[in-house]
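Okay, everyone, thanks for coming.

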Amino acid sequence: MDVQEREAFAKAWLSCWNERDLESIVSHYADEVEFQSLGALHALGDAWRTIKGKKDLTQYFERVLASVPGKFEFEFLGVFHGVDTFVVHFQSTAYTFAEFMELNREGKVCRAMAHLQVRTQGA
């Protein structure tokens, strides 16, 4: 996947989140996906440290969508490019995110790690 394709992938993925379209969101992921998120760990406990498989990831994303009322309004900030990976940089009104993604040969996310910039009080 070249630079333009990665950026198009990232923008389409964020658009699905902004539209709250679960089916379209999970369509970006491989059946054998592995996913880590601090949000999943805090909300659901250590058993969700690494979410394995599209079925469990879909359940997690359903919970995320149900727990956040209204629109997400994620803003695309850019993509950091690696050899076989990339990082999507984006923000909401409250947080800044960096999502590491590795794609399989079919162009689906097979491994992802969500990162959140935590803003401490007084900072």
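So, look at S37: its bridge partner in strand 6 is A114. Keep in mind that this is a predicted model. That pair belongs to strands 1 and 6, residues 29–37 and 109–117, which run parallel and are joined by five bridges.

Now turn to strand 2, residues 51–52. How many bridges join strand 1 to strand 2? Two, and here the strands run antiparallel.

Let's zoom out. Six strands make an open sheet, ordered 2-1-6-5-4-3, with mixed pairing. At the edges sit strand 2 and strand 3, the latter being residues 75–81, and each of them pairs on one side only. Helix 1, residues 3–18, packs on this sheet and touches strands 1, 3, 4, 5 and 6. The direction of helix 1 makes about 145° with that of strand 3. Helix 4, residues 54–67, also packs on the sheet, touching strand 1 and strand 2. Its angle to the direction of strand 1 is about 50°.

Which side chain does R111 meet in a salt bridge? That would be E102, at 2.8 Å from N to O. A search of the whole structure finds one salt bridge. In general, side chains of opposite charge can pair when their charged atoms come close.

Technical notes. Residues are numbered from 1 along each chain as its sequence is written. This is a predicted model: local features need pLDDT of at least 70, side-chain atom pairs count only at pLDDT 80 or more; totals for chains, interfaces and linings use all residues. Side-chain values use heavy atoms; hydrogens and water are left out. A salt bridge is a side-chain nitrogen of Lys or Arg within 4 Å of a carboxyl oxygen of Asp or Glu. Two strands pair if DSSP finds at least two bridges between them. Helices (H or I, at least four residues) and strands (E, at least two) are DSSP runs, numbered from the N terminus. Contact means heavy atoms within 4.5 Å. Axes are lines fitted to C-alpha atoms, for helices over the stretch in contact, and angles run from 0 to 180 degrees between N-to-C directions.
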